[in-house]
Each structure stands twice: as structure tokens, then as C-alpha cells.
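Welcome! Here is a short tour for anyone meeting this structure for the first time. Have a look at the sequence and the model, then read on.

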2 protein chains.
Amino acid sequence: MVEGHGVMAFSDQGINLMLPLAHKAREVGGVLAQSSLEKRNNALQAAAFKIRDMQAEILAENAKDIAAFTGNAAMRDRLLLTPERIEVMARGLEEISALPDPLNRILEEWERPNGLRIRKVTMPVGVLGIIYESRPNVGIDASGLAIKSGNAILLRGGSDSFHSASVLHKAVVFGLEQAGLPTATVQIAPNSNRERVKEMLHASGMIDLIIPRGGKSLVEFVLHESRVPVLAHAEGLCHTYIHTDAELDMARKILLNAKMRRVGICGATETLLIDEAIAPSFLPVLVEDLRQKGCGFRADKKARALVPGLTAATEQDFATEWLDSVLSIAVVSNIEEALQHIARYGSSHTEAIVTQNEQAAQQFLNATQSAVAMWNASTQFCDGGEFGFGAEIGISTGRLHARGPVGVNQLTTFRYHVIGHGQTRP
Amino acid sequence: MVEGHGVMAFSDQGINLMLPLAHKAREVGGVLAQSSLEKRNNALQAAAFKIRDMQAEILAENAKDIAAFTGNAAMRDRLLLTPERIEVMARGLEEISALPDPLNRILEEWERPNGLRIRKVTMPVGVLGIIYESRPNVGIDASGLAIKSGNAILLRGGSDSFHSASVLHKAVVFGLEQAGLPTATVQIAPNSNRERVKEMLHASGMIDLIIPRGGKSLVEFVLHESRVPVLAHAEGLCHTYIHTDAELDMARKILLNAKMRRVGICGATETLLIDEAIAPSFLPVLVEDLRQKGCGFRADKKARALVPGLTAATEQDFATEWLDSVLSIAVVSNIEEALQHIARYGSSHTEAIVTQNEQAAQQFLNATQSAVAMWNASTQFCDGGEFGFGAEIGISTGRLHARGPVGVNQLTTFRYHVIGHGQTRP
């Protein structure tokens, strides 16, 4: 992320430029929390319309960002907008508008012996702050999820994408205006250096939740620096454990999919754990499957004794999220050793066991403390869409509030409604 | 809180003394998460037995703390243990043991079109850190709630109560041993200065949740300094709003209870908001009720015009959690003005409306973003016991994870169990 070459000039001499935005966001929070589903959906649909309508302008602004861009080809590709990518963004907003209302859902309800009725009812978190890199679509997805869930949001994208983010923001503001919702629902940070990020991270009490979307260094910076609660996805170091009672054909299919379907997503399996009872005959088969797809390996001593030509794994390899066509392999004595390996090297994202043994599966599911534990399924299913949540803003690997895929429901919190008829406390 | 005169000598030269404790706590986390309800309950019951059994020793250790104590009378009273107070602690553990199991509850369950079954299942948060002042009972309650909910916990009480806390900790460890649970489930910080607190607050990744229990300055210090998520109760600036359609007898009873039942608890009403349509005849009645109970007042201009002899309220008064026999009073034009007052001065704790008008009540309940919104009931009902949660570790005024009373269920988090039969992602 290249910082500090903003198009707008601001003095950074001790003035927090994000606080006034956060104040405005806080002020509109009450309006949003009580707005009808119809209004929120109207805003999303009008923004989708406007994005399509402004296609030429969006491409022109994006071209300015691209022209000034100095990063590598992969980063440039993420920054680039095309007519197809613009259409995907518009359709994404329409899909969010089709989701059920996440607000005012009654999560629990009970009555006390004194006749008090207590209801746990969903409401928006309040003010979200999203800090992302130069991927214009992230800003649109986040805006859509925020509007649907009744949250105000501050967008702070990479400064390389400021022209693109600004023109897209205009389309969202148009949608809010059309629906009669406050335009301060979605605000964009002035372009500048990383000071704006720090200001957001220190706006405790004004911003309720920070969501970093980006590489490991961004997430670690945010986690270290933030005084505001953070919903973060640190790493996806996912494991697939093939138990001795696995159905072998199923295990082959699952591992191939979990590793190779898309190697760059966080739900991709990075490490294979396999029971030593079946490894001598079965590991060579698995390695051959993956080799044919272009996968490389980092294997422990036991695995190397069974399959010739594997590269030796270091301790660090087992702690590495490859996001590439590389698989770490460890042969384990039993399920306990597999669970210990996961507890030691895992990142609390997703782990899978393949077995026909229900007792072993139950043990694995209960012992796993990661956000998602799977039985006889590919780790690549860890995804908001696959869970039925619709769009997601990311996958949380934290322990609190939301874990796993974060969709509109996970961007809500709750309060209790207590309904009496004059009760006083004895 | 007097710091720095510990009975044990430790070098503070850059050595984090809490990290080894946090590591041990993390290590036993898996055992606890999978322990049976019976074992956890046995530990609670055996600890209760031991507390009673050790009464003489507990009183003797407490006497040492009391002898060395230099604080004021109210603080000394909170530190003091008596046979009755020891019995209350023991009974508290037994009551926690009688609660249903908070672990492995299925919160939601659904099936995807591809046949994947997804379950949202409760599990312990992991490692809790509680930072409290010199109230020995807080350490016992927290230990009990942690054991029941399968969490490991680090206790860091005020150094003034170190002898008392240590001897009580021995009883808890006895309970864990009797039940065959790891003794590292409940660990106590070595006595020393505030460095131990900072070490806990910086143990991100090792401690999952910090719970400060104490005065405003302690909570603010923790919120400012912590890199670990905090579950805190900042303030209880609760409002009771008497709407123009209130049943007047009910309103009198509720306000008297909400303000005066116990003035020092966080659920006590601190501000009365009353509609101007009924204030001329009704406010004098309410003031007279409260005056007879020894309550004083800080009233806005409109209220002072209706009732002679009221002290003028300053802006700061409306932002003050009195925790005393003092009530702030504002006369409002309508429900919108009442809601604006609450949004401006409230602390996100508990607000109540008194009215027979269902539409107004619904508007109030929906608009209030505090943890608890009540209709025709006393704000003093904001309490874990009154909600049916059993014992509570505090009341959360934050926006995320847990809001309102925090009992054993609120000390859990969840993970998804995904159950397939060989599905791979297309």
C-alpha cells in the first residue's frame, strides 16, 4: 500500500480528521436503527442502479488510479475495474437487498415468575469502520452490508484507489438520498497518509467496531494499535485430518477440493494430517492426486519415509498459511495427536475430519475450538455464501461476538426488551 | 487501591510474570471445554464445602488484610469477611452448580441445499482475566462462573486483599482437585504493583477476555490500556421516562422503586424524564414521595417552575451517575425529546418508559439502543438474578458479544459444526 500521495491536502498537525465523520455517523445511527427494511432495500437498489448508470465515469476515475499506480501486477489487477466487475458490484448490492431483515429479530424470549417478559432483540452494532486496501469492490460490499444491517460506516480504503472509491461512494450516496436515508450512513475518509487509520483506531466510543480487510501486516497493525473492538481475520491455516476409519474415495475427493479448488482463499487446507494406520498405502495415492494438479509438499519424517521425493517440512512450515499450491503433511499416531497439532499450529479458522467413525467425528468436533469444525466436507465451504448468509464482509478468527463468516446478521448486536405491568423489585 | 506493598518479592525488570500463568491457562482450556457438567459441578460443590471447612483460616487471613488496611470505612467494610459472608460465598458456588450447562448448547441449526448440516454450538470463551478491587467475594463468584462455563481464569484482586484472596483460592483449587479438573483452571496473580494488571491487558492472544470489576477509574484505565477485548460496565446512568399516558399510581410505585430501593446499584434510576402535559399536577406528587424517603433533586428550569425549592441542574448533573439519594429531573415536550435526552446523556445501561400507550412504548423500546429497555417496570430489575441467569459477573454496557447482565451463558462463545457426507465445493 503506497501512502501519503493524496489528492486532497490536509494538515495533520494534531487535528483528528476522522472524529467529525464519526460524530456524524453516530448521530444518524438512531435513524438507521429504526428505518424500515423497505427504505434500506431501496437504498441498495438505487445504488446498484446508479453504479450501472455511472459506468463510464467509474471507469474514467479508475483509470486515473491505474495510471498513477506503482505496485505489482497482482495488486494492479485487484485495483482494476472493468464493465464486468462493475456489474458484479451492482448485482452484489441487489443480492444484499434480497436478504431477510437482520434487524428486530427476536433471538430469545422468556417470562419470569413475576410476570416480566424478556426478549432479546437484534439491533445494529452502531458505527463500523472498515480499513481496506486498494480493492474498490470491498468498499461497495461493506457499504451494502452496513446499510442492510442498519449500521453507519466509515470507509478507509487504500490511497491508491481513492479516485475509484470516491466515485463509487457517490453512487452509494445517491442510493441513500433516493431512499430518504441520511447520507452520513456511508462516509469515506479523506485521502492522506496512515494517520487517518490511526485516528479511526483510537476513536473509542465513537466507532463501535473496526474491520480490517487486507494482508497480514495490515491486520496485525490494526490489532496492535486499536482501542476500538476489532473483528479480524488473522489467518486461515486450515487442517484436513484423514482418520483411520475414513472412506478412502471420499477422503481423496475432499482433500483435493480442500487444497486445490482455489489455493488462495482463507478456507483452503494448508496442512494434511493423516493417521499412520492408513498412511503407508493411502498417502502415496493422495500425494499423486495432488502432484498431478501441480501441488508441492512439505512433509514430516514419517511421511517422507512413506513417499519418496517429498521436501522436508520445518517447524515454521507447519505454521505457514501457504495460500499457494503447497501442502504441509504430518503423519499422526491418532486423533489426539491430530488435535494437538491443530491446537499448536492452527489459526482458529476451519478444520475438517474425514471419517466414517461417528465417535471419532464427535470427539473432533467437540475438541476443536476453531470457528468452524467440519466432518466429511471440504474446508473450502467456510464461506458466507456457502453457509447461506449471502454476502460476507470477511471471516472472523476472533473468539468473541462473531466467528466464521461475517454476514449481515453478524453485523448486528442485541438489546433486551423487558415488558412489565408495573412490577417493582422487592 | 493501595499498590506496591506485596508480601512476595518479584523482580519487575522487564519480566512478564502473568504470561506463564496465561500459558498454563491456555493449555488447560481444551480439557475444560470438554469436561463433563458433572465434573464442573463437583468442583463447585467441593469448593463450597472447603470454604465452609476453612472458615477459621479464612477469617484469620482476612484479619491480616484488615490489620494492614489504610483505606476508608466503606472500603474496609467491603474487604471484611464474617462467618455470614463466608456462608454467602459458599452458597453462591452451590447456586452456580445448580444452573443448566452453558456448554454444547445448539443455538441454531439448519441444512443447506447441498445437504450440509450446520450447527452453531456454544463453547467456552477460553481464558478470562478478571481485575477487581479488594472485595474477596468477587474472586469467588468469578471463579465459580468460570468453572461452570468451562473457562480458565486469572484472578487479579486488589493487593489489599491478597491474604484473603489467596486463602479463598486454596479452597477453589481443592474443589478442582477433588473433581479431577486441572488446578490451573483458576490461578491467582502474584501480589505486587499495577504491573501485573498491565501484563494481563497486553497478553493479547493468551487472554481472550478481560473483565474489570471496580470503580470508574479502574474501568477507564483498563479500557484505555487493554489490547485484549474487554467486557466492561462503564456506568449505569439509567433513565425512567414517565409518558403522558402513564397510569399514575403505577408510575409513582415504579419511580420510587427505581430510584430508592437501593441507590448504590448500577440499575438505579439517576434521571427522571417526565412529559410536560402531566408534569404540573404529577411532578409535585413524585417529588414529595421521594423527599419523604430522603431523596434530593437536581432539576431543569421547567421542573423548578412547577415545584418550589428544587436545586438547579447543571449540564454535568445530567451526565452524573449519582449512586446516591439524588435524582436529576427534566421535563420534556414529548417522547422524541425524552429519547434525545437519553441518547445524549445515557450510558447504554437501562432505560424505562412508563405508559399505557402501546404505540409509545413500542417506539421507546425500538429507539433505545441501551443494553436494556423496559416498559412499565423498575430499572432495578436489570440484574442477572432477576433475568433468570443466576449469578452474574457484572453488567456489560459495551455493544458487542454480551450486553446487560453477564452470567454463565454470556461467558460462552460458539463455533460452527458442519456435518457432511463427502461434499466438495463446486
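In this predicted model, helix H15 (residues 358-367) of chain A has buried residues at Ala360(A), Ala361(A), Phe364(A), Leu365(A) and Ala367(A). The points below follow that helix, then turn to a sheet and a lysine.

**Around helix H15(A)**
- The buried residues of H15(A) pack against S7, helix H14 (335-345), strand S12 (350-354) and strand S13 (372-377) of chain A, along with strand S16 (412-423) of chain B.
- Where H15(A) starts, the backbone nitrogen of Gln359(A) has a side-chain oxygen of Asn357(A) within 3.0 Å.

**A sheet with strands from both chains**
- An open sheet of 10 strands with mixed pairing runs in the order S10(A)-S9(A)-S11(A)-S8(A)-S7(A)-S12(A)-S13(A)-S16(B)-S2(B)-S1(B).
- Strand S10 (311-312) of chain A and strand S1 (106-111) of chain B each have a single partner strand, so one side of each lacks a neighbour in the sheet.
- Within the sheet, S8 (residues 269-275) and S11 (residues 326-332) of chain A pair in the parallel sense over 5 bridges, and Leu272(A) stands opposite Ile329(A) in S11(A).
- Helix H11 (residues 279-292) of chain A packs on the sheet, touching S7, S8, S9 and S11 of chain A, and its direction makes about 160° with that of S8(A).

**A lysine in chain B**
- Lys259(B) belongs to helix H10 (residues 248-260) of chain B.
- Is Lys259(B) buried or exposed? Its relative accessible area is 0%, so Lys259(B) is buried.
- The side chain of Lys259(B) reaches the backbone oxygen of Asp324(B) at 3.1 Å.
- Residues touched by Lys259(B) include Glu270(B), Leu290(B), Cys295(B) and Gln380(B).

Terms used:
Residues numbered from 1 in each chain as written. Chains lettered and ligands numbered in written order. Predicted model: local features only at pLDDT ≥ 70, side-chain atom pairs only at ≥ 80, totals over all residues. Heavy atoms only, no water. Pairing = 2+ DSSP bridges. Helix = DSSP H or I, 4+ residues; strand = E, 2+ residues; numbered from the N terminus. Contact = heavy atoms within 4.5 Å. Axes fitted to C-alpha atoms, helices over the stretch in contact; angles between N-to-C directions. Buried < 20%, exposed > 50% of the residue type's maximum accessible area, 1.4 Å probe, protein only. Polar contact = N/O pair within 3.5 Å; in protein donor to acceptor, adjacent residues only side chain to side chain. Lists of a residue's contacts leave out its neighbours within four places in sequence.
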